[in-house]
Amino acid sequence: MNAKSKDLLKAWVDPDDAPEITEALIASGKWKVGGRVVTRSEALAELGMEGSATVTLDTEVVDAFRRHGEGWQAKMNAALREWLATHQVI
């Protein structure tokens, strides 16, 4: 077979040139599970990547994160992850 593959006609793109994946980019995406559009929380829960918990926090802490507007819970989660990365939890 001497025909050229159509895949070879596409220009190669260096993966290092891909845009940075940020929380804002992820939040702006459409999430689908089984062909239906779902919220980010539903998609992550379906993948077993996110759960929910009830915790008691100081009002000042919650208010400080809420002042940042939409996505404040994700920012709180990121802050907790950062803390975990620098502290040994027994």
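Trainee: Which helices each supply at least two residues of the lining of the largest pocket?

Mentor: They are α1, α2 (40-46), α3 and α4 (72-86). The model is predicted: local features need pLDDT of at least 70 and side-chain atom pairs count only at pLDDT 80 or more, while totals for chains, interfaces and linings use all residues. Residues are numbered from 1 along each chain as its sequence is written, and side-chain values use heavy atoms, leaving out hydrogens and water.

Trainee: What makes a run of residues a helix?

Mentor: A helix is a DSSP run of H or I with at least four residues, numbered from the N terminus. Helix α4 gives the most to the lining, with 11 residues.

Trainee: What makes a set of grid points a pocket?

Mentor: On a 1 Å grid over the protein atoms alone, a pocket is an open set of points where a 1.4 Å probe fits, with protein on both sides within 12 Å along at least five of seven lines. Lining residues have an atom within 4 Å of a point. The volume, which is the space filled by probe spheres set on the points, is about 1400 Å³ for the largest pocket. Of its 30 lining residues, R40, E50, Q73, A74 and N77 are the closest to the centre.

Trainee: Why is A43 called buried?

Mentor: Buried means under 20% relative accessible area, exposed over 50%, and partly exposed in between (1.4 Å probe, protein chains only). A43 has 4%, so A43 is buried. This residue lies in helix α2. A43 and W31 are 12 residues apart in sequence and 6.3 Å apart in space, C-alpha to C-alpha.

Trainee: Why is K10 called exposed?

Mentor: K10 has 62% relative accessibility, so it counts as exposed. K10 is in the segment before α1 (23-28).
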